[in-house]
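Let's take a walk through this model together, one element at a time. Have the sequence and the 3D view ready as you read.

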Amino acid sequence: MKYGCQSMVEEIEAILIKRPQEAFISQENLDKTWEEFKYFGCPDYETVLKEYEVFEKLIRDNVKDVYTLPYDSRTGLDSIYAHDPLKITKKGAIYFPMGKVLRGKEYLATRAYLEEIGVPTLGEIKAPGKMEGGDVLWIDEKTVAIGRGYRTNDEGIRQFKELTKDVVEEYIIVPMPHGDGVDACLHLMSIISFVDNDKAVVYSKYMPVFFREYLMERGITLIEADDDEYDYLGTNLLALKPGKVILIKGCPKVQKKLEDLGVEVLTYEGKELSYRGTGGPTCLTAPLYRK
C-alpha cells in the first residue's frame, strides 16, 4: 500500500481510525476508567456512538482508503485518538512510547496492525525518550516543528532527528508552556492546525514569539481562536486536502473566519467524543498517505 505523510494539508488518500466500540467499549468501561484517564466528565457511550457515526461518515465520504484499528487489550480509552502513537514518513512509520503512562503500550498495537497491512517500520523512540504524535507538525515536506513539553522530551527529539535525517532538512523545536499542568494534554498541535499550505488556525497565547514570527515570515496567514473556542478544541482541525477541513461543531467564530477565507468547513457534534478526552478531529485520525 502507499504510505507517507510529511504534510498536514495535502489530500488524504489513506487514513487510520479507531471506533469507540474498540476503544471506549461500553458505558460500564467508561464509568470505571474515565477518571484515571483524566477526562472532563464521563462520556455518554450512546451519544459517543452517534457522534462518531457522523464523524466517520465525513471521513469515508472524503478519503479513499479507511483502515480501522481492532480492539487490543494493551490499549485504553485514549486509543480512540489514533494520531498520537506514531508518525508516517516516506520511509515508514516511527512509533512513540507516549508520555502519558496509561498510553505507554498503545504503539505496540498500532505497529502490529500497520505492519500487517503493509506499512513498514522505520523505527521507534526508546526510553528514556518520549514523544507523542500531536507534538510533531509538518511545516512542509522537508521541515518539521516539534513541541518540547511534558509529552515529548529532549531524548525523544534526538532519536526522532536521527531516524528522519534522510528525509528532513530543518527541525524547529518549539518550547511548550506549562499551561494547565503536567497532566493536561497540551501538544504543539493543540495550538496550531494548518488548513491550507498558507493558512493555519492558532492560539497565539501559548505560542512562542519566535515561532509565530517564523510562520508569518513564511507567508502563513494566522487565523486566531479566542479563549472559549480554544478550550472547545477550535484549534484542532483535520485538513482533508488544502482548503477543506473537519472542525468540531461549536466554534462558530473560527468557522466563519475560515469560510470568509474560502475554506470549506465540515463539522460534527463532538462534546462526548472529542471534548471530554481533549481529542479533536486530528487526534481521532492518523493519516497514512497524503498525495
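Where does Pro128 lie? Pro128 sits in the loop between β5 and β6; helices (H or I, at least four residues) and strands (E, at least two) are DSSP runs, numbered from the N terminus. The peptide bond that leads from Ala127 to Pro128 is cis, with omega near 10°. As background, most peptide bonds are trans, and most residues other than glycine have a negative phi.

A word on the ground rules. This is a predicted model, in which local features need pLDDT of at least 70 and side-chain atom pairs count only at pLDDT 80 or more, while totals for chains, interfaces and linings use all residues. Residues are numbered from 1 along each chain as its sequence is written, and side-chain values use heavy atoms, with hydrogens and water left out.

Backbone angles bring us to two further loops. Ile25, in the loop between α1 (20–23) and α2 (27–33), has a positive phi near 75°. Leu233 belongs to the loop between α7 (227–231) and β12 and has a positive phi near 70°.

Next, look at helix α4. Its 12 residues (106–117) should span 16 Å at 1.5 Å a residue, and the 17 Å between its end C-alpha atoms agrees with that; the expected span is 1.5 Å times one less than the number of residues. Which residues of α4 are buried? They are Glu106, Tyr107, Ala109, Thr110, Tyr113 and Leu114. These residues cover an arc of only 160° around the axis, which puts them on the same side of α4; the arc is that of the directions from the helix axis to the C-beta atoms. An α-helix has 3.6 residues a turn, so residues three or four places apart point the same way. The buried residues of α4 pack against β1 (12–17), β2 (65–68), β3 (86–89), β4 (92–95), β5 (121–124) and β15 (286–290), where contact means heavy atoms within 4.5 Å. Just after the helix, Gly118 takes a positive phi of about 105°.

β3 and β4 run antiparallel and are joined by 4 bridges, with Thr89 opposite Gly92 in β4.

Now move along to strand β7 (residues 143–148). With 5 of its 6 residues buried, β7 is largely enclosed by the rest of the structure. Strand β6 (residues 136–140) runs antiparallel to β7 and is joined to it by 4 bridges, and the two form a hairpin with 2 residues between them. Asp140 has Thr143 of β7 as its bridge partner. With strand β8 (residues 170–175), β7 runs parallel, over 6 bridges, and Arg148 is partnered there by Pro175.

Another open sheet has 3 strands in the order β12-β13-β14, again with mixed pairing. β12 (238–241) and β14 (264–268) stand at its edges with a single partner strand each, so one side of each is left without a neighbour in the sheet. On average, neighbouring strands here are turned by 30° against each other, direction ignored. β12 pairs with β13 (residues 244–248) in the antiparallel sense over 3 bridges, and Ala239 has Val245 as its bridge partner in β13. Helix α3 (residues 45–62) lies across β12, β13 and β14, at about 145° to β14. Helix α8 (residues 252–260) packs on the sheet too, touching β13 and β14, and its direction makes about 155° with that of β14.

Terms used
Buried means under 20% relative accessible area, exposed over 50%, partly exposed in between (1.4 Å probe, protein chains only). Two strands pair if DSSP finds at least two bridges between them. Axes are lines fitted to C-alpha atoms, for helices over the stretch in contact, and angles run from 0 to 180 degrees between N-to-C directions.
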